[in-house]
Amino acid sequence: MLLSLDFSSDIPIYQQIRNQIIIAISDGKLLPGDQLPTIRNLADQSGINMMTVSKAYQLLKQEGYITADRRNGAKVAPRNVSSSEIPRVLHNELQLLISQFHLQGVKEDQFLSLCKELYNKEG
Amino acid sequence: MFMKIILFVFCYPILPIMYFIIKNELEPHKNIILGVTLPSDELRNPKVKEIISRAKKSMRRIAIVLALLPFTSLLTKYDSIVYAIFITWITVLCFIFFLPFMKGNLQLHKLKKEQNWHLDEEGTTIVDLKVTLEEPNPLSKYWFLPAIVLTCIPIIIDLCTITSKDSNLLSLATTTLVGLVTFLCPFLFHIAYKTKQEIVSQDSLRNQTLTRIRRYNFGKCFIGLSYTNAIYTILFWLYINHYIDSIILFLIITLLYTFFLLWWVLRAEFKVRLAQQQFSIQSEDSFTADEDSYWIYGLLYYNPNDKHLIVPKRVGLGTDMNYAKPAGKVFGVIIALIILAMPISAIGLIQSEFSPLLLTIDEESITAKHFHTTYGIDFDDIKTVETWDELPNISKDNGTGFSTLCKGTYSIAGNGSCTVCFNPTNHLFIVITKENDKKYVFSGSTDKKTEEVYNILITKIP
């Protein structure tokens with residue numbers, strides 16, 4: 001699985017790492033139980049600061065996408081598919097996204113069509 | 001004549017080596033050509049081929065002119081001018097082949113912009129998570145131990161037998177300097193395993209294998225370099241301590257040493273290049289990160305966001321520095337100063353060779369002076385004075401040696417180590433032995449001058 005880090009982007013690097021790992025988990029490129037590199041290794045190989053990688057991993061752990069401990073390192077967390085409750089955080093992020101699309105003049109049916117297309121890609 | 005032969009044998013091969021290394025960069029590797037990343041299907045584009053062809057022609061013309069230049073040294077008898085010609089030639093060689101490369105790089109960048117050949121991952125850093133999972137350390141660092149021990153032997157011997165004699169200190173200093181390369185190798189070996197991954201595909205197994213091949217081959221390269229340098233350090237020490245007397249033999253050893261150093265690096269580089277080519281061709285989903293924005297003219301890496309100090313070179317062999325980092329900037333300045341110092345040193349040498357040799361005598365002492373060096377001996381310190389009309393076999397320990405000047409400390413057959421300042425083409429030399437049995441051999445610029453001084457000297461000595 002390739003991580004693509006764009007240093008010229010407005011999105012902070014830790015956020016980019018976090019976003020791409022989530023997408024990879026959703027795409028099935030990273031499966032529950034898959035080992036992630038250590039913070040030091042990922043920082044060394046990508047040439048970024050260890051604190052940046054650590055922040056990304058902390059965020060992923062907080063959001064429940066990965067588990068991390070000293071003995072086993074960082075691993076992709078098992079998925080909790082039974083829960084039908086939408087997390088508050090995701091609700092707020094979606095609201096912000098919808099506002100942005102609305103301001104761009106995108107119609108509701110256009111937006112929903114796009115959502116369906118992207119959702120089906122995730123599989 | 002001897003110096004000219006040495007310079008030709010040692011310096012001339014630099015030209016074909018530099019030419020072929022840079023020419024090799026005019027072939028695509030990992031979708032990169034002339035330091036520009038292009039989409040795979042545009043590598044054979046006629047406009048791209050035209051730019052490469054022009055760069056090749058330009059390089060060929062430069063190579064022909066440079067191949068002829070060193071022969072101008074045959075027209076002069078002065079060693080310093082021969083040296084100046086070669087050192088200026090080498091300085092020019094350091095950058096001249098890069099000029100058509102840089103021109104081609106700019107033209108290709110312009111074409112890429114015009115044709116809108118932008119890759120998806122332009123200006124990004126790509127990391128393969130699966131490759132990062134692997135601990136990069138297949139070769140054991142203990143391989144360096146025997147080489148380090150071998151290198152330490154002559155240094156320890158010098159340390160144990162150290163005296164205040166110049167020759168002892170010189171042996172220790174120079175042997176340690178030569179041995180430094182061995183000590184540097186484990187450090188570079190460690191760096192080799194921390195360099196960037198080889199990303200050529202979405203398939204992590206390909207990237208993993210290629211990364212392993214690079215790290216393994218360069219790891220072996222540094223182990224080989226350390227052993228080669230260890231052996232050379234010992235041979236160098238033997239020569240500097242006169243266990244090897246023949247300068248020809250020593251020069252052959254140095255030539256072989258240089259050859260093996262180059263062989264280790266070329267071997268590693270071409271094994272990796274071959275693997276890169278094969279893996280790129282085989283891959284259906286070939287992938288190349290476009291890092292052009294971080295490479296100045298495709299030659300110098302400048303990425304303030306990358307904490308790596310040492311990165312694999314894009315052009316040429318081996319590794320390069322990240323010039324965005326303070327250490328990289330310092331390194332760049334040092335290299336630039338060394339390159340600039342080379343032709344400047346030639347000026348000093350020319351001044352030295354053309355400075356007159358002065359042998360003077362006054363009421364209290366005899367003085368031999370050349371350029372900035374003065375040897376003065378008070379009459380009270382003189383034990384004996386004699387003359388030679390023929391010079392025994394001499395070899396330089398340290399100092400200056402032109403065809404018309406020998407200055408410094410020389411070993412003279414049957415006389416041991418002597419301080420000298422004379423014109424070896426003369427037929428009359430004054431040999432002074434001081435009270436402490438130290439010997440000095442002087443001459444004036446001509447035999448006549450030497451005789452004049454000698455005649456005065458013998459009247460001053462009781």
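How far apart do the end C-alpha atoms of residues 6-22 of chain B lie, and what percentage of the span is helix? I looked this up first. The end C-alpha atoms lie 26 Å apart, and the span is 88% helix and 0% strand. The model is predicted, so I treat each value as computed from it.

**Entry: annotated spans of chain B**

I checked where residues 6-22 of chain B stand in the records. An unreviewed UniProt entry annotates them as a transmembrane region, along with 81-102, 142-164, 170-193, 221-240, 246-266 and 330-350.

**Entry: helix α7 of chain B**

I turned to helix α7, residues 145-160 of chain B, and tested its length. At 1.5 Å a residue, its 16 residues should span 22 Å; the end C-alpha atoms are 22 Å apart, so the two values agree. I also looked for a bend. α7(B) bends by about 30 degrees at Ile153(B), and Pro154(B), a proline, follows within four residues. Pro154(B) is buried, and so are Ala147(B), Thr151(B), Ile155(B) and Asp158(B) in α7(B).

**Entry: a sheet in chain B**

I traced an open sheet of six strands in chain B, with mixed pairing and the order β11-β15-β16-β14-β13-β12. Its edge strands are β11 (382-388) and β12 (394-402), each of which pairs on one side only. On average, neighbouring strands of this sheet are turned by 20 degrees against each other, direction ignored. I followed β12(B) to its partner: eight bridges join β12(B) to β13 (residues 405-412) of chain B, and the two run antiparallel. As one example, I noted that Ser395(B) has Ser411(B) in β13(B) as its bridge partner.

**Entry: a strand of chain A against chain B**

Which strand of chain B pairs with β1(A)? I found β3 (residues 124-128) of chain B, which pairs with β1(A) in the antiparallel sense over five bridges. Within this pair, Leu3(A) is the bridge partner of Val127(B). I also checked burial in β1, residues 2-6 of chain A. Four of its five residues are buried, so the strand is largely enclosed by the rest of the structure.

**Entry: domains of chain A**

I noted the division of chain A into domain 1 (13-76) and domain 2 (88-121). The C-alpha centres of these two domains lie 26 Å apart. An unreviewed UniProt entry places the annotation "domain: HTH gntR-type" on residues 11-79 of chain A. That span is 52% helix and 12% strand, and its end C-alpha atoms lie 26 Å apart.

Note on methods: Residues numbered from 1 in each chain as written. Chains lettered and ligands numbered in written order. Predicted model: local features only at pLDDT ≥ 70, side-chain atom pairs only at ≥ 80, totals over all residues. Heavy atoms only, no water. Domains from an automatic or database assignment. UniProt positions renumbered as here; feature names shortened; annotations may be inferred. Expected span 1.5 Å × (residues − 1). Bend = angle between axes of the 7 residues up to and from the residue. Buried < 20%, exposed > 50% of the residue type's maximum accessible area, 1.4 Å probe, protein only. Pairing = 2+ DSSP bridges. Axes fitted to C-alpha atoms, helices over the stretch in contact; angles between N-to-C directions.
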